[in-house]
Amino acid sequence: MLKRLRLKFVLVIMSIVTVLFIAIFGLVMHLTKRNIERESVQMLRTMAFRPPASSTMHKPDNMPDNIRLPFFTVTIGSDGELTAFGGDYFDLTDKELLQKLVNAADASSKETGILPEYDLRYLKNDNGRMKAIVFADISSEKAMINGLIRNSAIIGLMAYIILFAISLILAKWVTKPVEKTWNEQKQFIADASHELKTPLTVIMTNAEMMTDKSYTENDRAAFTKNILSTSKRMRGLVESLLELARLDNNRSLMQFDSVDLSKLINNSILPFEPLFFESGLILAADIEDNITVRGDKEKLGQVVSILLDNALKYCEPAEKVCVSLKHQTSNCLLSVSGAGAPLTKEDRINIFKRFYRMDKSRNDGQSYGLGLSIAMSIINEHNGRIWAESENGLNTFFVSLPV
């Protein structure tokens, strides 16, 4: 898919470049050709109204400034006699050729035109007393146009190759976020499938054992209990997956309002105190009063619960977990710290990825590695920042929110 996406991107870029090149070079060629023709016709008009008997007509010193092309003039007398004069570039003694040129010019009803077989442009002037036709050589014009076409083709080809290479680099750069998201999505689907496979296997196994009549009623009750507890855990996983999907698609209907974060954290700590006590942990709080933020009260409470639940699962027994909230210059800083296995630099980054668990041996089936991912998505929606640090045997999770 990514290859096709890059190919489409390159094709679109190169199609636009092709159209632009054709338009630009076509316009340049058209304007250049028109300017050359206009100058040539103006020169012919200048020569058409000069005295035909001027003996100095062919002398370079007496030539008008706009005369740049070899030319000659043919006058047709009342008796049809042809008289030619002009520069030394042409052989004007060939009466047969002159007659062919005059006939070819007369065959056209236009005042001016081109005789392509002779590389000549003509201008007819008939003032009633005398008819004259001025001819100018256009081989230099054609050479100039051909040279312009050749140079334009070379420049265009070189630019095309350079832009093609640039478009390949841009295609790779533009699709890099898409590639990252695509890989993350594939990994997410694989991990979700793996996490769902285990509880489904447990449910199916217990259901099959319930159909075995060799088991007693007590055994079947135990199987039913296992199915129920596993179903509840799987429901929690599905709900977490749906929550992530809503956050990813910005469909999470957050109700932003003024929230007393100090009070919210204190209320969130209360239900965790007996859980920490049962686990042999000490839960200490240092919450600064009257810290208010703008956000969704329910979602912010969910973040606090995720951090406390994470500390409950992974902190060492008989240790203290500290929850702190402090007001800073333009934001507030929430921290949850406790003793545990040191987090490496890689762990501090990956821990917020979906389904990431550092110590899978400690997985009791209740955790799926989605909590911190959900917390990060919520904090990002609140224009905040969440990160982890590990120092002196303490792992600390920080949340910074604007006040």
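Predicted model: local features only at pLDDT ≥ 70, side-chain atom pairs only at ≥ 80, totals over all residues.

**Entry 1: cysteines.** How many disulfides does a search of the whole structure find? I got zero. As a reminder, a disulfide is a covalent bond between the sulfur atoms of two cysteines. I checked Cys315, and its closest cysteine sulfur sits in Cys322, 9.5 Å away, so that is too far for a bond. The cut-off I'm holding it against is 2.5 Å. I also looked up burial: Cys315 has 12% relative accessibility and counts as buried. Cys332 is buried as well, at 2%.

**Entry 2: the cores.** Next I went looking for nonpolar cores. The largest one has 49 residues, and Leu261, Ile265, Leu307 and Val323 touch the most other members. Which helix gives this core its largest share? Helix α8, residues 297–314, puts in eight residues. There is also a second, separate core of 16 residues, with Phe72, Ile76, Leu82 and Ile133 among them.

**Entry 3: a nonpolar patch outside.** Which residues form a nonpolar patch on the surface? I wrote down Val12, Ile16, Leu20, Ile24 and Val28, which together have about 430 Å² of accessible area. I took Ile16 as my example. Ile16 lies in helix α1, which covers residues 2–48. Ile16 counts as partly exposed because its relative accessibility is 45%, which falls between the 20% and 50% cut-offs.

**Entry 4: salt bridges.** Side chains of opposite charge can pair when their charged atoms come close. The structure holds six salt bridges, and I followed up a few.

- Glu111 pairs with Arg45, with the closest N and O atoms 3.2 Å apart. Glu111 is in the loop between α2 and β3, while Arg45 is in helix α1, so to speak a link between distant parts of the chain, 66 residues apart. Glu111 is partly exposed at 40% relative accessibility, and Arg45 is partly exposed at 30%.
- Asp119 and Lys142 meet at 3.0 Å, N to O. Asp119 is in the loop between β3 and β4, and Lys142 is in helix α3, 23 residues apart. Asp119 comes out as partly exposed at 24%, and Lys142 as partly exposed at 40%.
- Arg121 forms a salt bridge with Glu141, the closest N and O atoms being 2.9 Å apart. This pair links strand β4, where Arg121 is, with helix α3, where Glu141 is, 20 residues apart. Are Arg121 and Glu141 buried or exposed? Both Arg121 and Glu141 are buried.

**Entry 5: helix α10.** Last stop. Just after α10, Asn383 takes a positive phi of about 60 degrees.

Technical notes: Residues numbered from 1 in each chain as written. Heavy atoms only, no water. Buried < 20%, exposed > 50% of the residue type's maximum accessible area, 1.4 Å probe, protein only. Core = buried A, V, L, I, M, F, W, Y, C linked by side-chain atoms within 4.5 Å. Helix = DSSP H or I, 4+ residues; strand = E, 2+ residues; numbered from the N terminus. Patch = residues over 30% accessible without salt bridge, like charges linked within 9 Å, V, L, I, M, F, W, Y side chains within 5 Å. Areas by Shrake-Rupley, 256 points an atom, 1.4 Å probe, with all protein chains shown as cover. Salt bridge = Lys/Arg side-chain N within 4 Å of Asp/Glu carboxyl O.
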